[in-house]
Structures are given as structure tokens and as C-alpha cells.
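This briefing concerns a single protein model. Please view its sequence and coordinates below before reading the notes that follow.

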Amino acid sequence: MNTTEREELSRLLPPPAERDLPPGRHLHHKERLMRQIDRDRAPAATVRRRLLRPAVLMPATALAVAGVLIATLPDAHRTGTPAEAPRTEAASGRGAVVLLDRIAAVAMKSGTGPVREDQYVYLRGLTTETVHYKPVKVSEPKERESWLPQRSAPRKDDQGLLEQDGKYFPVMGDPVPAGLDRPTYQWLASLPTDPDALYERLRKEVRPVKGQDADQTVFEAFGGLLSAVMPPETEAALYKAAAKIPGVVEIPDATDAKGRHGIAIAREDKQLGERTEWVFDRQSLGYLGARTCLTRTSDRGTAGTLVHATAVLARAVVDAPRQTP
């Protein structure tokens with residue numbers, strides 16, 4: 001595919017503010033989509049037909065991984081920047097099961113709720129944005145706030161709010177029903193709390209992403225729920241269910257977008273050559289944020305290059321958009 005065709009395809013993608021994802025995460029998935037198109041080698045007309053499908057291929061819960069956040073956490077000593085290449089400690093599948101069980105035990109004692117349908121989940125954190133495709137280059141982390149509506153039934157006059165760089169955007173371009181794409185407290189409370197049943201339920205609801213390992217899509221969908229407010233029983237079951245995803249491992253050292261070091265649950269998508277990590281505080285086991293990096297060297301960059309990173313700063317339940325704790 002030549003440069004002119006790539007530019008034409010890029011123009012077909014709608015501007016980030018009009019999508020159901022915030023601007024930074026939209027750019028991340030736009031970059032992923034263009035990479036998939038490059039590999040596809042299909043005729044231009046066929047590619048254009050594919051682009052008529054939604055350009056943002058991940059569920060709206062990816063908003064959570066993109067810098068939408070969880071409870072106020074201790075600020076660990078900053079010893080590096082998010083652009084550092086991750087260390088290469090040996091990953092452990094057995095360690096992931098044990099760690100997720102420990103995190104589930106903590107979650108069982110620290111859940112939040114209940115949350116009324118007329119309230120909002122306030123989230124504040126940091127997120128990077130993709131500014132260059134080949135080689136991959138990300139921006140410095142930017143602070144972002146959001147107010148996510150908790151109504152089960154969608155309303156056009158209640159789309160939630162996102163603030164970044166002093167500008168406000170609707171969280172949703174169109175009303176989205178409560179569900180995996182918009183995990184409200186009431187929807188999450190309705191999920192089974194048996195880990196096996198929860199795993200099967202969520203796996204069936206995940207939409208496949210072209211070019212991505214199917215189990216990686218499930219992993220990222222689970223990650224998209226980490227910042228939601230839910231009953232403690234649901235949160236504990238979520239972590240235990242995540243241990244059932246094939247390929248999950250524990251990584252002894254990882255950093256979030258603020259440079260805080262922690263322990264991580266990770267999974268590599270060998271088809272895309274990327275690894276996504278959920279970073280947790282070593283002492284409290286609280287969720288710090290997430291990061292994605294390259295796992296093999298290519299024209300996108302060297303192995304270890306940062307693709308995306310987030311950091312969790314605060315979470316609260318409020319009564320109106322723009323209200324802060």
C-alpha cells in the first residue's frame with residue numbers, strides 16, 4: 001500500500017471526539033487498524049469496504065484501560081519514565097494464578113457501592129497518545145478526567161463527559177446500553193460471581209478484533225473492567241476469572257504511565273507482537289494502570305518500545321458531571 005492510499009484511508013477515519021472512545025485511545029486503535037490493513041495486502045476497494053465498519057474496533061470498555069481509573073492509590077516513588085523499555089524478567093503462568101487469587105482476596109474486602117443510576121463515576125488519571133505510527137512514538141502522559149453515567153438505559157442528553165487539555169468531550173458519541181461496552185454498577189452487579197460462569201459469560205460477549213489473537217481480545221476486555229465500580233464479590237470473581245485466560249503470566253517488575261513500579265499480570269499477543277500488562281502496587285495490590293509494548297523488533301520499532309500506557313490517580317462516585325471529590 002503506497003503513501004497516498006494510506007493517507008486516503010486515514011482520512012476515512014472519523015475524528016476522535018466524535019467516537020465512543022476518548023481521543024488518546026482512539027489514536028491507539030487507529031494505529032492498530034492501519035497496521036492490520038498494511039498486513040492485509042488486499043485490493044484498495046476491499047479495504048475501503050472494511051473501513052465502513054466502526055473504526056474503533058475494541059469495546060468502549062477500552063476507555064478504562066486508556067486512562068480511566070480506579071480508587072486513589074499510594075504514589076510510589078518515581079524511578080523512571082513510561083517510555084522506558086520494560087525489563088525482561090522471566091514471566092510465570094503459575095505466578096499469575098497465585099497473584100490474581102491474592103488480588104481477588106484484597107478486592108473482596110475493598111469493594112465500592114452501591115451506586116445509584118442517577119450518579120456518575122468520576123475518574124482521573126494519566127494516558128499517553130500515539131503520535132507516530134512507524135516507528136511508534138507516544139506522547140508524554142497527559143492528565144484526563146471523566147464522568148461516566150451509571151444509567152442502565154441510554155439517554156442522548158446524558159453521554160458523560162471527558163476533560164483533557166482544558167477541553168470537554170462527550171464520552172459516548174451515541175447512547176450505549178449498559179453492558180460490556182459500558183459497564184455500569186448495576187450491570188456489573190448482575191453478573192455471576194462464580195469465576196467459571198463469569199469467564200464464560202464475558203468470553204461470549206467479547207467482540208473479535210481482526211488481526212488480534214482471540215484470547216488477547218478477551219484479556220483486554222477484562223482489563224477494560226478493572227476501573228469500573230462494582231460490588232466486591234463481582235470484583236473478586238473478575239480477577240479469578242481472568243486467571244483462566246490462556247497465556248496470562250506474572251511479571252515481577254513493570255511500570256505505569258507515571259513511572260511507578262509494581263508487579264504485573266500480562267499477556268502477549270504473538271500475532272501483533274505486543275504485550276499488555278496490568279500493573280499493581282506490590283504492597284496494597286491496588287491497580288496502578290496498564291501498558292502495552294512491542295515484543296519483537298520491526299519497522300514499528302525495537303522490542304520493548306512503548307505503545308500505550310496509563311496510570312490510575314483517583315476514582316469516586318459523584319452526583320453530576322464536572323463535580324470532583
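Which strands does helix 8 lie across? Helix 8 (residues 214-223) lies across strand 8 (261-269) and strand 9 (274-280), and runs at about 145° to strand 8. Here helices (H or I, at least four residues) and strands (E, at least two) are DSSP runs numbered from the N terminus. Angles run from 0 to 180 degrees between N-to-C directions, with axes fitted as lines to C-alpha atoms, for helices over the stretch in contact.

The model is predicted: local features need pLDDT of at least 70, side-chain atom pairs count only at pLDDT 80 or more, and totals for chains, interfaces and linings use all residues. Residues are numbered from 1 along each chain as its sequence is written, and side-chain values use heavy atoms, with hydrogens and water left out.

**Overall composition**

- The secondary structure of the protein consists of nine helices and eleven strands.
- Of the 325 residues in the protein, 55% are buried (under 20% relative accessible area with a 1.4 Å probe and protein chains only; exposed is over 50%, partly exposed in between).
- Among contacts in the protein with a separation of 6 or more, 65% are between residues 24 or more positions apart; contact means heavy atoms within 4.5 Å.

- Nine strands form an open sheet in the order 6-5-4-1-11-10-9-8-7, with antiparallel pairing; two strands pair if DSSP finds at least two bridges between them.
- The edges are strand 6 (167-169) and strand 7 (249-255), each of which has a single partner strand, so one side of each is left without a neighbour in the sheet.
- On average, neighbouring strands of this sheet are turned by 25° against each other, direction ignored.
- Strand 7 and strand 8 pair in the antiparallel sense over five bridges, and Ala254 has Gly262 in strand 8 as its bridge partner.
- The hairpin of strand 7 and strand 8 has five residues between the strands, and Gly259 takes a positive phi near 90° there.
- Strand 8 and strand 9 run antiparallel and are joined by seven bridges, with Arg275 of strand 9 as the bridge partner of Glu268.
- Four residues lie between strand 8 and strand 9 in their hairpin, where Gly273 in the turn has a positive phi of about 70°.
- Strand 8 is mostly covered, with eight of its nine residues buried.
- Strand 10 (residues 287-294) is joined to strand 11 (residues 306-318) by three bridges in an antiparallel arrangement; His308 in strand 11 is the bridge partner of Thr292.

**Helix packing**

- Helix 7 (residues 195-205) packs with helix 9 (residues 232-242) at an angle of about 75°, their axes being 8 Å apart.
- Helix 7 is therefore roughly perpendicular to helix 9 (65 to 115 degrees; under 35 is roughly parallel, over 145 roughly antiparallel and the rest oblique).
- Helix 7 contributes Pro195, Leu198, Tyr199 and Leu202 to the contact, while helix 9 contributes Thr234, Ala237, Leu238, Lys240 and Ala241.
- Eight of the eleven residues of helix 9 are buried, among them Thr234, Glu235 and Tyr239.
- The elements covering the buried residues of helix 9 include helix 5 (93-110), helix 6 (185-189), helix 7, helix 8 and strand 9.

**Nonpolar cores**

- The largest nonpolar core has 38 residues, of which Leu202, Phe222 and Trp278 touch the most other members; such a core is a set of buried Ala, Val, Leu, Ile, Met, Phe, Trp, Tyr and Cys residues joined through side-chain atoms within 4.5 Å.
- Two or more residues of this core come from each of helix 5, helix 6, helix 7, helix 8, helix 9, strand 8, strand 9 and strand 10.
- Not counting residues up to four places away in sequence, Leu202 touches Leu180, Trp187, Leu191, Phe222, Leu225 and Leu238.
- Another core, of eleven residues, lies apart from it and includes Phe169, Val171, Val176 and Tyr185.

**Individual residues**

- Ala314, in strand 11, is buried at a relative accessible area of 8%.
- The C-alpha atoms of Ala314 and Gly125 are separated by 6.7 Å, although these residues are 189 residues apart along the chain.
- Lys134 and Pro135 are joined by a cis peptide bond with omega about -5°; Pro135 is in the loop between strand 2 (130-132) and strand 3 (137-138).
- Leu285, in the loop between strand 9 and strand 10, has a positive phi near 65° and is not a glycine; Leu285 counts as buried at 7% relative accessibility.
- Arg322, in the segment after strand 11, has a positive phi of about 70° without being a glycine, and counts as exposed at 52% relative accessibility.
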